[in-house]
Amino acid sequence: MKRDSITFNLNNLPDRQEVELEGGTFELTLQQNELSGVLSIDIVSVDDDTHQILGEPLTYGVPLWYWAAYDWLPAERLVPMDEAGLESSVRIENFQNPVYLLDDDSVYEGGGSDGA
């Protein structure tokens, strides 16, 4: 089943995308640490820029901001993973082919496997 994904321009990092998620509009910025190669995401609420988390590392299969209980965070579970399950890490070489930042909740929307 296809999950919704958020894509970035990997040729022009840091890259910023404004996305509509549950709870509001957010600016997501993808960057890469030049020394370690680690990819990370910043999230900033467009409506209130005091609502922000900077430098969340992309860890394969781990939902972003899983540790945070802020009520302003979107309800969606954004998870770096590939739907085939062939990868086990996130690197610039595999990000967006085949590893994507996926809305892990979108596969469950509609109620069931019959699409109802």
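Trainee: In what order do the strands of the open sheet stand, and how do they pair?

Mentor: This is a predicted model. Its open sheet holds 4 strands in the order β2-β3-β4-β5. Their pairing is antiparallel.

Trainee: What makes β2 and β5 stand at the edges?

Mentor: Count the partners. β2 (15-21) and β5 (52-57) each have a single partner strand, so one side of each has no neighbour in the sheet. As for the angle, neighbouring strands here are turned by 20° against each other on average, with direction ignored.

Trainee: How do you know that β4 and β5 pair?

Mentor: Pairing needs at least two bridges. β4 (residues 39-45) and β5 have 4 bridges, in the antiparallel sense. Therefore they count as a pair.

Trainee: Which residue of β5 is the bridge partner of isoleucine 41?

Mentor: Glutamate 56.

Trainee: What holds paired strands together in general?

Mentor: Strands of a sheet pair through backbone hydrogen bonds.

Trainee: How many helices and strands does the chain have?

Mentor: It has 0 helices and 7 strands. From the N terminus on, the elements run β-β-β-β-β-β-β.

Trainee: What share of the residues counts as buried, and what makes a residue buried?

Mentor: The cut-off is under 20% relative accessible area. Of the chain's 116 residues, 41% count as buried.

Trainee: What is the accessible surface of the chain?

Mentor: About 6900 Å². Carbon and sulfur atoms account for 45% of that surface.

How values were computed
Residues are numbered from 1 along each chain as its sequence is written. This is a predicted model: local features need pLDDT of at least 70, side-chain atom pairs count only at pLDDT 80 or more; totals for chains, interfaces and linings use all residues. Side-chain values use heavy atoms; hydrogens and water are left out. Helices (H or I, at least four residues) and strands (E, at least two) are DSSP runs, numbered from the N terminus. Axes are lines fitted to C-alpha atoms, for helices over the stretch in contact, and angles run from 0 to 180 degrees between N-to-C directions. Buried means under 20% relative accessible area, exposed over 50%, partly exposed in between (1.4 Å probe, protein chains only). Accessible areas come from the Shrake-Rupley method with a 1.4 Å probe; for residues, only the protein chains shown count as cover.
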